[in-house]
Amino acid sequence: MGLGRTRGVGLIGLEGLLVDVEVDVSQGLPAFTIGGRPDPSCAQAPDRVRAAASNSGYAVPQRRVTVNLSPASVPKIGSGFDLAILVAVLIAEGDIPAGAAQDVVHIGELGLDGSVRPVRGVLPMVLAAARAGARHVVVAVGNASEARLATGVKVHPVAEVAELVTRYRALAAGLAVSAVEEAMVVEGPAALPPDLADVVGQAEARLALEIAAAGAHHMFLVGPPGAGKSMLAERLPGLLPTLDTAQALEVTAIASLAGRVTRFDTLCRRPPFVAPHHGASMAAIIGGGSGMVTPGAITQAHRGVLFLDEAPEFRSHVLQALRQPMESGTVVVARAAGRFRYPCRFQLVLAANPCPCGFGFGKGDRCQCSIVRRRSYAAKLAGPLLDRVDLQVLVPVPSRAALLGPPGESSAVVAARVRVARSIAAERWSGSEYAVNGEVPGAVLRSRRFRLGLSTTVDIDRSVDLGTLSLRGYDRCLRVAWTVADLAGRTVPTRDDVGLALSLRQQQAVAA
């Protein structure tokens, strides 16, 4: 009989907290129970712990084993508590010295053969452990490189349970412990993003793409099939600046939790590009799930681009659910088990055909769609969602002359201008919580300090009076105008800048 203690980490959304893992072995009928709101995968840990211990040369006693995961009021999700539970059991049985592992955090899933397997979300777990004051974390060898991206904590990789017990006994005896050998993972060079020079023609759409990149503005591309809408959207991430360390940690932590990490030796410095299929469910886009609540596409696109191709084919309630996250930059998924908050500061790019068949646009209109079908198709995107999209651009099929003409500017050239424009905006908004024009509230742009003269805003003022521009659209035109001025090197937008912003907003041509 005995009591064993060690530590694990639990995740609630992207936030982690230290969990005290307590094990009591007492007399009674053989039983192995886990308290503290374990989810199904965590509740199955007893079978994995028994088999892993037995196949490693240690036996879980045939007595009453009670495990408490504290704080007990917080749900415990995933199989990452396996290793901590086993260590606490071995401490209670005296196989591991009591004081050796009490303050060490253990993260890992157990194989039945006693191996320690990697789990998802190790980076946010280790970051949470470091913030809570932990200084030593034991993880699976497969998670070691990812865990070392966190600073302020010593990471100890382990491959097998027997090896971990041997190391703890050696440390308690004052003996030197050699480092665990890790297989060198040779990562190939990261794939380069597609180049904007591949896009033929589309001068206006290229300009809109540059403006979108410089100001983090949402964008809507409308045109017939084959016009290049998807090509333009896929090249937007290549125009965006690389992420700073704080942003890269956020993006890498989300990728770790979603199982999207492809390189474990460095942070994800490149803005993500997420393009879900139009059949995706609400949970896939917003986040959720019947078991473990996982981040959706909007969170996986945090600090990057969310591209919805064939946008009207998405379910209407899924599209309308984007409205609140677009404004707030966070999404809260409420379930019976609790509320899970995820960041989602993404840049939305929508693409659509002008009608269901795609041919109701430009010369040689071959559309066979009925008026009812066209209106139903357009209604999927109309209203509050499109009112939140700053740039709405027509993308016609390029002419034969454009195909034979010289290539346009490369992504590197345009990205250089975007970096300059963003640095100008960052200097303007320094001291505030905003970094790009696309995030600045309209109240700030209309304040005494940044208010534009009546002669400058005459075009959008008239549009508001005529009812063709909403008040939200008015503010978004101001945002785009400031971005246009930044790209041109002007300190204040001109009437032409505001007019360009208005013209790029009023070109939507889905259906009739």
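**Helix packing and core organisation in the predicted model**

In helix 7, Glu210, Ala213 and Ala214 make contact with Val414, Arg417, Val418, Ala421 and Arg422 of helix 17. The model is a predicted one. The axes of helix 7 (residues 203-215) and helix 17 come within 8 Å and cross at roughly 40°, which makes helix 7 oblique to helix 17. The crossing of helix 7 over helix 17 is right-handed.

Helix 17 (residues 411-428) also packs on helix 20 (residues 471-488), at an angle of about 120° and with the axes 8 Å apart. Helix 17 and helix 20 are therefore oblique to each other, and helix 17 passes helix 20 in a right-handed crossing. On the side of helix 17, the contact involves Arg417, Ala421, Ile424, Ala425 and Arg428; on the side of helix 20, Trp482, Asp486 and Leu487.

Helix 20 in turn packs against helix 21 (residues 495-503), with an angle of about 125° and axes 8 Å apart. Helix 20 and helix 21 are therefore oblique to each other, and their crossing is right-handed. Helix 20 contributes Cys477, Val480, Ala481, Val484 and Ala485 to the contact, while helix 21 contributes Asp497, Val498, Leu500, Ala501 and Leu502.

These elements belong to a chain of 512 residues, of which 50% count as buried. Its secondary structure comes to 21 helices and 18 strands. Along the principal axes, the C-alpha atoms fill a box of roughly 85 × 50 × 50 Å. Among contacts between residues at least 6 apart in sequence, 73% join residues at least 24 apart.

In soluble globular proteins, nonpolar side chains tend to be buried together. The largest nonpolar core of the model has 64 residues, and Ile107, Ile285, Ile298, Leu306, Leu308 and Leu322 touch the most other members. Helix 4 (residues 122-131) gives the most to this core, with 8 residues. Apart from this core lies another, of 47 residues, which includes Val199, Ala205, Ala212 and Ala213. Leaving aside residues up to four places away in sequence, Leu306 touches Val274, Pro276, Ala297, Ile298, Ala301, Leu322, Phe346, Gln347, Leu348 and Val349.

Helix 3 (residues 82-93) is mostly covered, with 11 of its 12 residues buried. The buried residues are Asp82, Leu83, Ala84, Ile85, Leu86, Val87, Ala88, Val89, Leu90, Ile91 and Ala92. At 1.5 Å a residue, helix 3 should span 16 Å, and its end C-alpha atoms are 17 Å apart, which agrees. Gly94, with a positive phi near 85°, follows helix 3.

Helix 9 (245-258) has 14 residues and reaches 20 Å from its first C-alpha to its last, close to the 20 Å expected at 1.5 Å a residue. Ala248, Val251, Thr252, Ala253, Ile254, Ala255, Ser256, Leu257 and Ala258 are buried in helix 9. The buried residues of helix 9 pack against strand 1 (2-12), helix 4, helix 5 (144-147), strand 13 (294-295), helix 11 (297-300) and strand 16 (338-343). Thr266 lies in the loop between helix 9 and strand 11 (273-274). With a relative accessibility of 34%, Thr266 counts as partly exposed. Thr266 and Thr491 are separated by 225 residues in sequence and by 38 Å in space, C-alpha to C-alpha.

Most residues other than glycine have a negative phi, and most peptide bonds are trans. The peptide bond from Ser70 to Pro71 is cis, with omega near 10°, and Pro71 is found in the loop between strand 4 (64-70) and helix 3. Arg37, although not a glycine, has a positive phi of about 60°. Arg37 is placed in the loop between strand 3 (31-35) and helix 1 (40-43) and, at 38% relative accessibility, counts as partly exposed. Glu310 is likewise not a glycine and has a positive phi of about 50°. Glu310 lies in the loop between strand 14 (305-308) and helix 12 (316-320), and its relative accessible area of 27% makes Glu310 partly exposed.

Terms used. Residues are numbered from 1 along each chain as its sequence is written. This is a predicted model: local features need pLDDT of at least 70, side-chain atom pairs count only at pLDDT 80 or more; totals for chains, interfaces and linings use all residues. Side-chain values use heavy atoms; hydrogens and water are left out. A nonpolar core is a set of buried Ala, Val, Leu, Ile, Met, Phe, Trp, Tyr and Cys residues joined through side-chain atoms within 4.5 Å. Buried means under 20% relative accessible area, exposed over 50%, partly exposed in between (1.4 Å probe, protein chains only). Helices (H or I, at least four residues) and strands (E, at least two) are DSSP runs, numbered from the N terminus. Contact means heavy atoms within 4.5 Å. The expected span of a helix is 1.5 Å times one less than its number of residues. Axes are lines fitted to C-alpha atoms, for helices over the stretch in contact, and angles run from 0 to 180 degrees between N-to-C directions. Angles under 35 degrees count as roughly parallel, over 145 as roughly antiparallel, 65 to 115 as roughly perpendicular and the rest as oblique. A crossing is left-handed if the near helix is turned anticlockwise from the far one by less than a right angle, and right-handed if clockwise.
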